[in-house]
Each structure stands twice: as C-alpha cells, then as structure tokens.
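Please look over the sequence and the structure before reading the notes.

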Amino acid sequence: MPPRPKGPPARQQATVMLSRVAYSLYWMSRQIERAENMSRLLEVNLQFLLDFQGFDDAGLKEHWGSILASAGDEALFDTVHATADSRSVTDFLAFDLRNPRSILSCVFAARENARMIRDQISVEMWETINEMYLFLKDRSATDIWIAGPYEFFQHVKRHSHLFQGLTDATYPRSEGWEFIQFGKWIERADQTTRILDVKYHILLPQAADVGGAVDTAQWQAVLRSASASEAYHRFYVQEILPWKVAEFLIFSDSFPRSLHCCVLQVDELLRRIVGETSARARTEAARAARRLVTDLASLTIAEVLDQGLHEFLLEVQKSLERIGEEVVQTTMFYSAEFDPEEQQQQQQQ
Amino acid sequence: MSILSPNYDCGPFCDEMFASSGAVRPHYKRLAERLGTLPEADFHQRRAAIDLAFLRRGVTFTVYNNSEGTERIFPFDLIPRIIPASEWKRLEAGLVQRITALNLFVHDLYHEQKILKDKVVPAAQVLSARHFRREFMNFSVPRDIYVHICGTDLIRDDAGRYLVLEDNLRCPSGVSYMIENRAAMRRAFPNLFQSYGVRPVEGYADTLLKSLRYITPRPGDKPSVVLLTPGVYNSAYFEHTFLARQMGIPIVEGRDLVVRDSHVFMRTTAGLVPVDVIYRRIDDDFLDPSVFRPDSVLGVPGLVGAYRAGNVALANAIGTGVADDKVIYAYVPKIIKYYLDQEALLPNVNTYLASDPADRKFILENIAKLVVKSANEAGGYGMLIGPAATAAECAEFRTMVAAQPRNFIAQDPIKLSRSPTWCDGQLEGRHIDLRPYILTGEKTVVTPGGLTRVALRKGSLVVNSSQGGGSKDTWVLKGDE
C-alpha cells in the first residue's frame with residue numbers, strides 16, 4: 001500500500017543515513033578486515049613453511065589445501081590452478097582478482113565502496129584506503145613474489161590498522177559508526193572461526209605428530225594468524241597446548257579477536273542498529289546473536305571438542321552469515337511499499 | 001637558476017603575463033618576483049607535492065573510451081592565471097547580464113513565446129532544438145528561476161578581448177577543481193597569497209546551498225536538499241561528492257529515491273525521508289525513465305510527476321538545455337537586447353549558422369579555415385578545427401554539415417590568449433580559457449575566480465580535460481596589481 005502523507009510529511013531533523021551508504025560502510029569495513037586477516041594468515045603460513053622445510057609435495061599440498069578449505073574457496077581454486085603449493089595458493093588468495101575474497105579483490109572493493117561514499121567518511125579514512133589501493137595497483141604479483149611478500153603483507157596489515165585507528169579518531173559516533181563497527185566485528189568473528197578451522201584440517205590426519213615440534217609450531221602459527229601469540233602467553237604462560245589455544249581463541253572474554261569478544265560486540269551493535277532493546281528478541285538476527293553469546297559464555301572447550309570443533313565452527317559461521325544478511329535486508333533492502341511514518345514508529349519501538 | 005627564462009616567446013598571441021614588449025604586466029609583477037627567487041628544485045618539489053596530494057585525495061576524473069586506468073588526475077599547472085579587479089568587474093557585469101537575459105528567455109519560451117512571435121529568434125530554431133521540452137509548456141518553476149547554476153566559457157582573442165565561447169546551462173562541471181586548485185596553491189605558496197590580495201572562492205558551496213534552499217516548494221520549513229548523481233562511474237563523481245560534502249547534504253543515486261503519491265523520498269536506514277530540492281547532476285533525458293528515456297537506470301520513476309505536482313524542485317530546471325544549444329547561442333546578443341534593452345557587455349565569437357543558406361554556403365566553402373561544432377555536444381567532442389584538420393576530416397564534416405545543417409555551427413578560429421605553463425622542462429606559452437560559475441538564487445552571484453583550463457599540447461586549442469587539457473588556479477585580485 002503506498003503511503004499517504006498527511007499534510008506536509010513529518011520532517012526528520014537529525015541526520016539521516018541512506019540505506020546505500022549504510023551498505024557501503026558495512027562492506028568497506030568488512031573488506032578491510034578481511035584483507036588484513038588474509039594477509040596475516042598467508043604471511044604466517046609462508047613463514048611456517050620456511051621454518052619447517054621438511055614437507056614433501058604431498059605435505060605441502062595438504063597444508064595449503066586445508067587453508068583453502070577453511071577460506072571456503074577450494075572449488076574456485078581448482079578451476080584456476082592444477083596444484084596447491086605456496087606460490088599458487090598465495091597468488092590465488094592474495095592477488096587473483098578472479099577470486100572475490102583475495103586480498104586484492106577486497107582492497108579494490110573496499111576502495112570502490114569508500115569512493116561511493118567519500119562524502120560520508122573523513123579525508124583521513126579515504127586517503128588511507130586510497131593509498132592502500134594505489135600501493136597494490138602499482139605492483140604485479142610476480143614482482144611481489146620475487147621481492148618476498150613480507151613487505152606486501154606488512155603494508156596491508158599496517159593500512160588496515162591505520163584505517164581502523166583513524167576511523168576511531170575521526171568518525172562521528174553516529175549510526176554510520178555502528179554499521180562500520182558491525183561490519184568489522186562480524187568479519188573478525190568469521191575470520192577467527194576460519195583460522196581455527198585451518199588447524200582442524202591440519203591436525204586430524206597425523207595423530208602421531210600430536211605434541212611434536214611440528215604440531216606445536218602449527219598451533220603457534222594459528223595464534224600468530226590471529227595476532228594472539230603474546231596475549232595467549234600472558235594469559236597461560238605455559239607452553240602451547242592445542243586445546244588451550246582453541247579455548248583461548250573461542251572463549252577469551254578479553255582478547256579482541258576471540259570469538260566470544262567479537263560476538264559480544266556484534267550483539268551489542270545489533271541492539272542499536274535494529275533497535276532490539278527488550279528482553280525478548282524480535283528479529284531472527286538478534287535471537288541468533290543472543291544464542292551465540294549464551295553459548296560462548298557457558299560452553300566449555302571439552303563440550304566443543306565433544307561436539308566436534310569443525311562442526312561447532314561451521315555452525316557459528318552460519319549464524320554469523322544469517323545475522324549479517326538479516327541486518328542488510330531490514331535496514332537496506334526493505335520494500336519501499338511501507339508507510340514511512342508507520343515504519344519510523346516501528347524503528348523507534 | 002630561475003624558472004623564468006629570458007627566452008620566453010609570446011608569439012603572435014595575447015599573453016596573460018607578458019606584454020608584447022616582453023615586460024611583465026603589472027598584476028603579475030609580484031608573482032614574477034617570487035618565481036625569480038625560487039630555485040628550480042623548489043618549484044619541482046612543489047609541483048610533485050601537489051600531484052601526489054591530488055592522487056592521494058582522489059581528486060580525479062574518469063576518461064571515457066579508455067580501457068586502462070580510467071581514473072586520472074586533472075593535470076595542474078603551478079603558474080596561476082591572474083585577473084585584476086577592474087577587468088573582473090567588467091566580466092562580472094557581463095555575466096550577470098547574460099544569465100539574467102537567458103533566464104527570462106527560457107521562461108518566455110515555456111510560456112508566452114513573445115520572442116518567437118516578435119521574430120527575434122526564429123521559432124523553427126527553438127522548436128527544432130534537441131533539448132526543448134515542449135511537454136513543459138506553461139509549467140511554472142519555483143520563483144521563475146530556470147538556470148540556478150551556470151558555467152560560461154570565456155576566451156580572450158589576440159587583442160585581449162574577452163568573448164563568450166559557450167554557455168553551459170545544464171550540468172556544468174569543474175567547480176570542484178576551482179576550489180581544490182586554490183587549496184593546492186595555498187599550500188604551495190602560502191606567503192605569496194597573503195600579500196597578493198586574492199579574493200576567496202570558498203564561498204561557492206555556501207552560495208549554492210542558499211540558491212538551492214531558495215527554491216524549496218515548502219518555504220518556512222527547513223528544506224531537505226540532496227544532490228542526485230548518476231553514480232560512481234560518472235566522470236565528475238569526485239565533484240559530486242565534493243559538493244555534497246561542502247554543503248553537508250546527502251548525495252543520492254536514482255535507486256536511493258522513491259516516489260509515492262507524487263512526493264519524493266529517500267531510502268534511509270530509518271525508513272523513507274522526504275526530499276524537497278534536488279540538485280541534479282543528471283541530464284533531463286535520464287531523470288525519469290517513465291517520462292524520458294525508458295532505458296535509463298539512473299533516474300527515478302515518477303520524479304517528473306512529483307516535479308509537475310510542485311512537490312519537489314529541480315536545479316537546474318528541466319528544459320534549460322534549449323538555451324545551451326549552440327545555434328541558440330548565436331542569438332544571445334539579440335536575446336539580451338530584447339529582454340533587457342541593453343547591448344551585450346560580453347560579445348560572442350563570430351558565428352555562422354549552417355541552417356542559414358548563405359552561412360551554409362560560406363561554411364562549406366571555407367571549412368578548412370573555420371571551427372565547426374555540433375550544436376549539442378560538449379567536452380570537445382564532435383568538433384572540427386579546420387586549420388589543424390586533415391583534408392579527409394574536413395571532407396567528413398562537410399558531408400555532415402550538408403546533411404544536417406540544423407546540427408552545426410561554425411566560428412572564426414580565435415587565437416586564444418596564452419599563459420606561461422610548465423611544459424617539457426621550461427615555461428612555454430599555452431592556450432587557456434576561463435569558466436566562471438554563476439549562481440542564481442535570491443540574486444545572481446558570480447564567484448570571483450573560476451576554472452582556467454589550459455591546452456597542454458603545444459599549439460593545441462582544445463582545453464577539455466578529456467582531450468589533454470590541464471588547469472590552473474584563477475586569481476581575481478582585490479586591486480589591480
């Protein structure tokens with residue numbers, strides 16, 4: 001039913017945010033966080049393989065195969081490359097524009113989103129994304145590979161940190177802020193599940209290696225992939241134990257990349273974005289978020305391992321996806337057949 | 001070593017900085033002194049810093065028909081174009097006169113058409129104009145203003161006389177460069193600015209917002225103003241975001257707007273919010289697919305209905321394109337005389353109309369000596385510069401002019417004035433033009449300055465950014481030196 005504005009329509013004096021702008025802010029933020037995580041994951045694993053050169057071809061293939069599997073890009077990879085080795089997987093996950101989740105694709109897309117809404121973000125935020133883009137655009141994958149990809153990953157991570165810091169320092173605490181933060185935390189939660197899932201793939205086959213030097217190094221790599229090495233050691237002090245690493249990255253309530261921390265933020269932002277303030281959640285997204293928060297606050301690592309780490313992580317990923325999707329649908333792609341006044345009242349409830 | 005070379009050659013042109021005797025013109029004296037003491041290395045350092053700043057800030061435009069790297073910075077030249085106060089005063093008066101008359105003209109065309117009945121402008125020329133919107137006959141726009149934003153292109157001939165080259169009455173672009181260039185120059189030469197007495201251009205956005213608010217259909221209420229862009233792939237997208245940011249208004253695409261019950265709303269995260277005034281940077285043809293081009297995905301279905309119902313205002317109004325047709329341009333001096341009973345303060349370039357039999361004969365016989373332009377193209381496309389063209393190109397245009405005389409005009413080639421410009425390692429004279437921006441709200445205001453475009457290729461007369469042009473900062477002085 002088309003709206004019937006009675007007299008002059010109600011004026012909204014406060015600043016309004018276009019749905020399209022919210023969508024771009026949300027994705028810009030997700031894409032930057034994703035590029036950073038992918039950089040760290042690749043950097044750590046390339047370094048790991050340098051430290052342990054004993055891998056034969058099959059071992060290498062398995063190592064990279066599990067990373068591809070956790071990134072969720074195996075099928076696409078197989079259409080582009082014949083074998084999974086350091087070079088081909090790095091090419092695919094870092095530089096290949098045919099892969100929509102590659103670092104390059106993410107940064108290019110983030111920059112395109114930022115360009116669309118550059119009147120909405122600070123000059124500092126725009127310049128940081130634009131510099132990141134100009135840096136990547138000017139380099140070929142081959143050049144980066146020859147020079148050693150360390151500098152490349154470093155650059156992406158630094159600029160992501162710079163971007164997030166500048167956002168904190170220059171962006172008003174408005175509705176846009178909520179969308180930026182929501183995008184960042186939901187992506188970070190998703191990436192943490194994937195980083196842990198890599199280890200699940202690596203760990204399973206060779207039970208003999210459990211507890212060995214390689215195994216410890218692999219869990220060390222998992223921690224470093226989540227920038228969690230120092231925090232873990234400060235928390236546990238002891239040596240690296242696989243289940244403690246998993247426990248830390250899933251349940252820590254103080255480490256800002258643990259699933260628990262990320263989901264707490266997602267839940268909080270969701271309350272603000274879709275106006276979920278009552279005790280009983282109204283939207284599917286809010287219900288899913290609250291269920292996740294409860295699980296992460298009450299489950300133990302033993303219960304998770306019983307259920308199966310992989311299955312648990314997949315379940316979390318699915319919940320996160322549903323939450324993101326519903327926020328997009330209700331704030332950005334709603335049907336315009338609503339009565340505007342009625343809809344505003346709904347939002348304010 | 002100074003970058004001002006004693007071998008600088010003015011050639012047979014009017015040079016902005018040097019008189020024909022080689023002496024520096026009075027209003028350029030202090031700049032010359034500054035450049036004289038500036039080591040060449042410093043000059044390069046400042047140029048490089050500005051280029052980098054433009055790239056980082058994304059002050060870019062998009063080039064069409066170019067598959068690689070479609071985003072470019074607009075080349076910027078560090079030597080400003082300086083206009084003394086007395087000269088500007090004449091320009092300003094001429095521009096206000098011209099826009100005032102053009103507004104009355106467009107209003108008349110869509111109402112009584114007195115000027116056609118009095119046969120001052122032939123009715124056939126107007127009725128055949130591509131951008132004449134007969135469906136808006138007898139439709140009244142808020143406060144009778146049609147052209148809220150105008151960019152008029154001026155050139156100077158070899159005698160230093162200012163001439164009007166064309167009027168841009170639809171969606172003139174480039175104003176963001178006027179403001180960004182000033183910011184860049186201020187960073188490069190902070191001290192020079194303080195002592196020179198350059199009038200600021202930064203008031204533009206403020207005046208624009210006032211003009212836009214002035215036409216709200218609901219006076220008294222705080223108007224909700226938006227800028228409508230074709231989107232991120234438009235060549236002027238940077239400018240759209242720039243202006244929206246300066247004015248603090250939302251920038252919207254067609255898909256952000258919905259029309260319900262002849263009212264326009266924008267889709268926000270908090271639901272639909274009403275819109276009163278739209279500064280549209282989309283041509284008439286693409287505004288509303290249900291009225292104009294059905295294939296347009298840029299526009300808003302129902303927008304024209306809301307406009308007709310008087311619930312939303314558009315700037316510029318629909319139908320102004322009729323007056324920026326290059327055939328109509330030829331009549332502007334008569335239009336000024338007709339409505340204001342004044343002689344045009346700024347003359348036109350001598351123009352021949354291909355639709356006039358005598359003129360057409362002259363054009364076809366002398367095409368190699370003339371500049372031929374199609375009536376409705378912009379951006380330096382669809383034109384022939386006879387003296388620089390090959391025989392084949394001339395022949396091609398001769399055929400087109402003969403086939404569609406209404407679509408072509410020809411003009412005497414003008415020896416555009418030149419300004420010293422840094423090219424190939426030294427300062428050389430390059431041809432320039434000037435686009436000042438005129439805003440009409442409660443009154444008509446010309447921003448003191450404008451966009452000076454420069455043809456960077458040696459000998460070239462085409463200053464368009466899409467054709468190898470660059471730009472300069474334009475200084476209008478408070479005094480005469």
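The model is predicted. Chain A contains 17 helices and zero strands, and 44% of its 349 residues count as buried.

**Chain A as a whole**

- Among the contacts in chain A with a separation of 6 or more, 70% join residues 24 or more positions apart.

**Helix 1 and helix 8 of chain A**

- Helix 1 of chain A covers residues 19-51 and helix 8 of chain A covers residues 150-170; their axes lie 9 Å apart and the helices pack at an angle of about 145°.
- The two helices, helix 1 and helix 8 of chain A, form a left-handed crossing.
- Helix 1 of chain A contributes residues including A:I32, A:A35, A:S39 and A:L42 to this contact, while helix 8 of chain A contributes residues including A:Y150, A:F153, A:V156 and A:F163.
- Sorted by class, the residues of the contact between helix 1 and helix 8 of chain A are seven nonpolar, two polar and five charged.

**Helix 13 and helix 14 of chain A**

- The axes of helix 13 (residues 259-273) and helix 14 (residues 284-298) of chain A come within 9 Å and cross at roughly 150°.
- Angles over 145 degrees count as roughly antiparallel, and helix 13 and helix 14 of chain A are therefore roughly antiparallel to each other.
- Helix 13 of chain A passes helix 14 of chain A in a crossing that is left-handed.
- On the side of helix 13 of chain A, the residues that meet helix 14 include A:L259, A:V263, A:V266 and A:L270; their counterparts in helix 14 of chain A include A:A285, A:A289, A:L292 and A:L296.
- Eleven nonpolar, one polar and two charged residues make up the contact of helix 13 with helix 14 of chain A.
- Helix 14 of chain A, with 15 residues, reaches 21 Å from its first C-alpha to its last, close to the expected 21 Å.
- Buried residues of helix 14 of chain A include A:A288, A:L292 and A:D295.
- The buried residues of helix 14 pack against helix 12 (242-251), helix 13 and helix 16 (309-331) of chain A.

**Residue B:I432 of chain B**

- B:I432 belongs to strand 18 of chain B, which covers residues 426-435.
- B:I432 has 25 other C-beta atoms within 10 Å and is therefore buried, since a residue counts as buried at 20 or more.
- Leaving aside neighbours within four places in sequence, B:I432 has contacts that include B:R81, B:L416, B:T452 and B:V463.
- B:V462 is 30 residues from B:I432 in sequence, and their C-alpha atoms are 8.8 Å apart in space.

Methods. Residues numbered from 1 in each chain as written. Chains lettered and ligands numbered in written order. Predicted model: local features only at pLDDT ≥ 70, side-chain atom pairs only at ≥ 80, totals over all residues. Axes fitted to C-alpha atoms, helices over the stretch in contact; angles between N-to-C directions. Helix = DSSP H or I, 4+ residues; strand = E, 2+ residues; numbered from the N terminus. Parallel < 35°, antiparallel > 145°, perpendicular 65-115°, else oblique. Left-handed = near helix turned anticlockwise from the far one by under 90°. Contact = placed C-beta atoms within 7 Å. Nonpolar A, V, L, I, M, F, W, Y, C, P; charged D, E, K, R; others polar. Expected span 1.5 Å × (residues − 1). Buried ≥ 20, exposed ≤ 12 C-beta atoms within 10 Å, placed from the backbone.
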